[in-house]
Structure formats: structure tokens, C-alpha cells
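I opened this model to look up its core and its strand pairing. My entries are below.

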Amino acid sequence: ERLVRLREAQRQASQRARSKRCGAAVRVLVEESRRLRERDPLRAELGTSRAWFGRSEGEAPAVDGGIYFTGDGRIGEFADVRLEGHGPFDFFGRIVEPERAAV
């Protein structure tokens with residue numbers, strides 16, 4: 001029972017922390033293009049069956065989720081992405097022009 005309460009407290013804390021980042025523009029290293037499954041909530045949020053995937057300095061590989069986004073990305077390059085929302089583990093957003101990326 002304590003473990004269940006602890007996990008729920010951690011989930012809520014993580015939810016609050018992710019919510020605070022929404023609306024911000026972050027610099028993302030574009031890692032790959034991914035196909036989104038038909039029932040994937042990200043597919044509905046982004047309005048596409050394919051999205052770029054990458055991480056900002058705030059997401060560690062194998063530890064944190066990543067960032068799914070749309071726009072004109074190139075693997076191995078950086079893109080400025082406005083975080084529009086999040087799921088349990090990942091953020092989603094859209095590429096913005098560098099001059100419009102400042103918050």
C-alpha cells in the first residue's frame with residue numbers, strides 16, 4: 001500500500017513538472033522520424049501519422065521520455081520546438097522559427 005501511494009505521489013509530481021514546461025520553446029536534437037500508431041494519442045494531438053523524435057537537454061536517454069514534434073526537421077541537427085503538451089512520459093509540439101522561439 002505504501003508503494004502504491006509513493007508511486008502515485010511521484011506520478012503527480014512528475015505531472016506538475018511536465019506541465020510547467022508546456023508553452024516553452026526548447027532546443028531539441030532531432031534523432032529520428034517515427035511512425036505513430038493509429039491509436040497513439042500523439043497522432044491525434046499532432047494531426048499526423050509521422051513525427052520527428054528527439055530530446056532537449058532536459059531529457060536523458062534511457063531515463064526520461066522524449067519530444068515528438070512536427071515541422072521541417074533534419075536528423076542530427078537541432079530544432080527549436082514549442083512544447084504544446086505532454087503525455088505520461090513524452091512531450092509533443094511543433095518546430096518554431098528561431099526568432100519566435102524565445103519565451
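Ground rules. I am working with a predicted model, where local features need pLDDT of at least 70, side-chain atom pairs count only at pLDDT 80 or more, and totals for chains, interfaces and linings use all residues. Residues are numbered from 1 along each chain as its sequence is written, and side-chain values use heavy atoms, with hydrogens and water left out.

Core. I looked up nonpolar cores, meaning sets of buried Ala, Val, Leu, Ile, Met, Phe, Trp, Tyr and Cys residues joined through side-chain atoms within 4.5 Å. Buried is under 20% relative accessible area (1.4 Å probe, protein chains only). The largest core has 10 residues, among them Val30, Trp52, Ile67, Phe69 and Val81. At least two residues of this core come from each of S1 (25-35), S3 (67-70) and S4 (78-86). A second, separate core has 7 residues, including Leu42, Leu46, Ala51 and Phe92.

Strands. I took strands as DSSP runs (E, at least two residues), numbered from the N terminus; two of them pair if DSSP finds at least two bridges between them. S2 (residues 50-55) has 5 of its 6 residues buried. S2 runs antiparallel to S1, with 6 bridges, and antiparallel to S3, with 3 bridges. I then checked Trp52 in S2: Ser33 stands opposite, and the bridge partner in S3 is Phe69.

Glycine. I found Gly93 in S5 (residues 91-95). Gly93 is buried, with a relative accessible area of 0%. Beyond four places in sequence, Gly93 has contacts (heavy atoms within 4.5 Å) with residues including Leu46, Phe69 and Val81.

Key. Buried means under 20% relative accessible area, exposed over 50%, partly exposed in between (1.4 Å probe, protein chains only). Helices (H or I, at least four residues) and strands (E, at least two) are DSSP runs, numbered from the N terminus.
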